[in-house]
Amino acid sequence: MAANTRPALFWHLRIALLETRFQFLSSLRLPAFAIPTLLFPVFFYLFFAVVFQSGGPSLAAPTYMLATYGVFGVLGPSIFGFGVGLAQERDTGALLLKRTTPMPAGAFLFARVATAAIFGAVVIGALFLLAGFAAGVELHRSQWFSLAGIILAAVLPFSAIGLAIGAWAKQQAAVAVVNLVFIGMSLISGLWVPIDMLPNVMQDIAIVFPAFHLGQLTLKVIDLDLGRPIWFHLVLLGGQTAVCLVAAALGFRRFSGR
Amino acid sequence: MDPTPPAAASETGPPLASLSGVSHRYGDVLALDRLDLEVRKGEVLAVLGPNGAGKTTAVSLLLGTLTLQSGAARVFGSVPDAAEVRRRRGAMLQVSGVPETLTVAEHLALFRAYYAAPLPTARLLEMAGLQELRDRRFGKLSGGQKQRVMFALALAGDPELVFLDEPTAGLDLDGRRRLWDEIRGIKAAGRTAVLTTHYLEEADALADRIVVIHRGRLIAAGSPEEIKSRTAGRVVRCVTSIGLETVRAFPETASAETRGQHFEIVTGAPEALLRRMFQLDSGLSDLTVVGVGLEEAFLALTGDGADPEGGA
Amino acid sequence: MTAAERSPWRRDPWIAAAGIAAFVSLLMMLPVPEPADPPGGPLPETNFAVVNVTVFDGEEFRAHRDVWVEDGRIRAVGQRLALPDGLPRVDGRGHTLLPGLIDAHTHTYGMVLNDSLRFGVTTVFDQFTAPSLAAQKRPARERLARTDEADLFSAGNVATAPGGHGTQFGVPVETLTSPEEAPAFVAARREESSDWIKIIWEDGSTFGADIPTLDRETIAAVIEAAHAEDLLAVMHVSSLEHGLAALEMGVDGLVHVWGDEVISEADAARFAEAGVFVIPTLSVRLAAAGESMGPELLRDLHPEDVSDMQRQTLAQTFPRPAGTSEASIESVRRLHAAGVRILAGTDAPNPGTGFGISMHGELRLLERAGLSVADALAAATGAAADAFGIEDRGRLERGRIADLLLVAGDLEADLSRSAEIAGVWKDGFPVEAAWAR
């Protein structure tokens, strides 16, 4: 018996961390992934919230954009990492190879989620520094932490979207679909432009997108949301995530029954 | 029409891995047809067959990456995707790559971590001939180098049983011979290996035992010499007045069929065959004698002369 | 080699911990807002901000606003204002900030302007008082200074017939009897600093009396003369019939709603079309019907702020009940539904009402008459200022005087919260009262 005698939890944790380390390194070395996901939100914020708004009488816009660009900042790594990355690993056979090894499936998923969270943390770290020290945004400590917490938690529902796309689309198609979702959902959900400035039709459509609810939850922290109750957003977000996970599971089932 | 039955398992104790009566369909296509297969401890088993014969399907079932439809698949006495099995098994898949932005050493570090007692990195690099390429990213490697990395990853956990699914597919002659050298090394530590290939030469060079699969069925099994002797014949092509059934009845004839007005006869003894034919038909004409390709070899083994498109 | 092989995963937990620690440290060093004091202690004056408060701006509610007061005027209202360092801040969370209330119908004497201010009524529109008092109080409303009185705008001397309604209170009243006297009468009021002209049309018929009153020709002439002098003409009527007649004569507003009958929807539409505003003074209508809001208000508002005089007038009753409150309320409902501008006024200090305090009852009565919370509050702020052409108060917007009322709780959800006063500012100065202690 070559069975490992280490405590299973320790072993799982060790693999999870190592998978994360290499997942992160591998993503970081991929300019097509790292540059847009790290720089887009930061440059957008610098441009629209710091440069455009500087000296204005109100800090509402830089504060609003802090919340929504933060969500935008984790959307990228989450859905690109899962959507494109997973499709790619499936198409190249890397995923199949790993299934023949003792690698715990949980560690693999953990690594992707954690990698998205690390990228997200880097993005929101940069956004928060810009907001606090360049745009003049002041928030209570509890608000800074709540914003960071919600934004990082957003990795989960966004990863579920990516997982669903990655499970169904081939690599090339996945790139197109992910970009469409990335840009379309961000715009309609009010991550770029305040949602109350968008046509009512788009505000109604936005209800179906997790990004809308996450945006509203972060905006609620800073009292700039549309005023719907928290449970409304949580229930819809949970439902949407469940739908994505079911879709992903169906996609992978089809893949293993090949 | 009589597939050689697999050798009795009692020869070397219970098999390390086996497929029993396994059939597998992709839609309407029957990829495996009641296949029986055994892998014995310590051997390098080559699963030989033309493209589409069902080799990869058989291996995928033993790796647990494909869901079994009917029959039984056992590895180390367990189901193929049991955790215990994964720890003791390594695999090199036919279509497989790993993330291109990580280096050889990083990939090895990750795979080694999956196992309780992995082989040392230096040993793996040496076994796969990758010492010089240790810090090169996977994406910067040549096709042959990539295959050697995949080979090293298959051995990372010091496995007892290694599956190598068409390891040299797509490689040039040099790359192929290089990888052969590495594969030969895996027997050293008493490992068992299953190799799929559609090159008889490769099977001959690497395997202790060869099983031949055609259209999802086991059609022959034996030592490389046995298989070679059954396939190393000649094709005699001619126009003759002798009837097809008569030709097929000759003891020298392995298989025979008509192509247009020509006969094509596979035989291990072309001289004796031709002597016999000239006695019966002195007007035999348009004669050529050539070596068999693999396709003819399979035809010979199957005796399935009526269906020339098989095995493409 | 062996150490190098094993190190990757041995270091990982430390790298992860270091990363989390760095991230938390970053969050800890981000700028936090300057502390805001909860209302309850001494309130800041002249230059300050009420932050993160729900605002009623004179027309509608807006959540999570900052209101920045500078030199006694509103500098800015908005979300997350870029406030200067060191500016005193009042934490408005859980509170509602609105413009100081305007009582559009009072009769001023004595210390009543103090009584009004303690209850958040920062401006009163007086509908008949001694012209000398009106002139005396006038300068206060044109300067920004610490004060303990509400600002006064007034009709001054009313237009009534000799011996008519208005002459019975002991205040000397200039009267008139014919249309020819109207221009001179209006010019004299203007001279006395009347801010508008109020006309009495009251024959006593609705409460069984027979009182001398102006004839229709004279009333029409006064309205015409007021308009010629660019003054508003408002009118006291106590029957629907007179109200409709006043409408025909071109009156700008009525300072009571009638109690004798309910207006038809068609007639309400005529009021709306003519743009005539109505100050229903439901507080006094209910008191006249024997249903004063007094007990309810004395229960809800801070008892130490209620002066003897407020207590006394709230306790008084009318000798003869007149009209029904239901009819008055129904008429207001129809007028409002038709789009007529309704203003809040109490007619204090009539029996059953009190200065200042009764505005909180009038708001509740307007809500009972079908106005939304926002419409009821607008009737006491923005709409009142608009109706009387006053542009320096009544709304929370840049440049207006910082007359502010801060109440605890969500006023939009519960209008009776107006009684839970947490702060009043007049001209940017906090008002001393018992609720602050």
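Predicted model: local features only at pLDDT ≥ 70, side-chain atom pairs only at ≥ 80, totals over all residues.
Good morning. Of the 437 residues in chain C, buried residues make up 51%.

The C-alpha trace of chain C spans about 115 × 40 × 40 Å along its principal axes. If we take the contacts in chain C between residues at least 6 apart in sequence, 69% of them join residues at least 24 apart.

I turn next to where chain C meets chain A. To this contact chain A brings 25 residues and chain C brings 21 residues. Four helices of chain A each supply at least two residues of the side that touches chain C: H1 (8-28), H3 (60-92), H5 (105-135) and H6 (141-153). Sorted by class, that side of chain A comprises 12 nonpolar, eight polar and five charged residues.

Helix H2 of chain A, residues 31-51, deserves a separate word. At Leu39(A) this helix bends by about 30 degrees, and a proline, Pro41(A), follows within four residues. Pro41(A) is itself buried, as are Phe33(A), Thr37(A), Tyr45(A) and Ala49(A) in H2(A). What, then, covers the buried residues of H2(A)? The cover includes H1, H3 and H5 of chain A.

Finally, chain B. Its domain assignment gives domain 1, covering 9-229, and domain 2, covering 233-291. The C-alpha centres of these two domains of chain B lie 40 Å apart. Thank you for your attention.

Conventions. Residues numbered from 1 in each chain as written. Chains lettered and ligands numbered in written order. Buried ≥ 20, exposed ≤ 12 C-beta atoms within 10 Å, placed from the backbone. Contact = placed C-beta atoms within 7 Å. Domains from an automatic or database assignment. Nonpolar A, V, L, I, M, F, W, Y, C, P; charged D, E, K, R; others polar. Bend = angle between axes of the 7 residues up to and from the residue.
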